[in-house]
Amino acid sequence: NGQFGFLLGQVEGNPVLTQGARERLVELERLWRLLRSDVDALETDVDQFNQLLTRLKVDVVIGKKKGAIM
């Protein structure tokens, strides 16, 4: 996320998108695709864990995912 933000800051102030910026964006998108499945799995695990905790009447883990049990 930080690297996407940094790249955005670099290209916002420049009228021309450099080849280096294009290449970095492609690389960041490739890395994100690899990580996305891990993030999705973790969010699913947290949701399932929260459901278990709710059934046991224990406070749940608060997540950022929209619609997560809180």
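**Burial, helices and a pocket**

Mentor: Of the 70 residues in the protein, 11% are buried. Keep in mind that this is a predicted model.

Trainee: How many helices and how many strands does the protein have?

Mentor: The secondary structure is helical, with no strand in it. One of the helices is H1, residues 2-12, and another is H2, residues 19-55. The count is two helices and zero strands.

Trainee: What span does H2 reach from its first C-alpha to its last?

Mentor: H2 has 37 residues. At 1.5 Å a residue, 54 Å would be expected. The span in the model is close to that, at 53 Å.

Trainee: On which residue is the kink in H2 centred?

Mentor: The axis of H2 bends by about 35° at the kink.

Trainee: Which residues of H2 are buried, and which helix is included in what covers them?

Mentor: The buried residues of H2 are Ala-21, Leu-28, Asp-47, Asn-50 and Leu-53. Their cover includes a helix made of residues 2-12. That helix is H1.

Trainee: Why does Leu-28 count as buried?

Mentor: Leu-28 sits in helix H2. A residue is buried if its relative accessible area is under 20%. Leu-28 therefore counts as buried, because its relative accessible area is 6%.

Trainee: Which residues does Leu-28 contact, leaving aside neighbours within four places in sequence?

Mentor: Gln-3 lies 25 residues from Leu-28 along the chain, yet their C-alpha atoms are separated by 7.8 Å. In the protein, residues 24 or more positions apart account for 12% of the contacts with a separation of 6 or more. With the sequence neighbours set aside, Leu-28 is in contact with Gln-3, Phe-4 and Leu-7.

Trainee: Which helix supplies the largest share of the lining of the largest pocket?

Mentor: The largest pocket holds about 150 Å³ of space. Its lining consists of Asn-1, Gln-3, Phe-4, Leu-28, Leu-31, Trp-32 and Leu-35. H1 and H2 each supply at least two of the lining residues. The largest share, four residues, comes from H2.

Definitions and conventions
Residues are numbered from 1 along each chain as its sequence is written. This is a predicted model: local features need pLDDT of at least 70, side-chain atom pairs count only at pLDDT 80 or more; totals for chains, interfaces and linings use all residues. Side-chain values use heavy atoms; hydrogens and water are left out. The expected span of a helix is 1.5 Å times one less than its number of residues. The bend at a residue is the angle between axes fitted to the seven residues ending there and the seven starting there. Buried means under 20% relative accessible area, exposed over 50%, partly exposed in between (1.4 Å probe, protein chains only). Contact means heavy atoms within 4.5 Å. On a 1 Å grid over the protein atoms alone, a cavity is a set of points where a 1.4 Å probe fits but cannot get out, and a pocket is an open set with protein on both sides within 12 Å along at least five of seven lines; lining residues have an atom within 4 Å of a point. Grid points are joined across faces, edges and corners, and a volume is the space filled by probe spheres set on the points.
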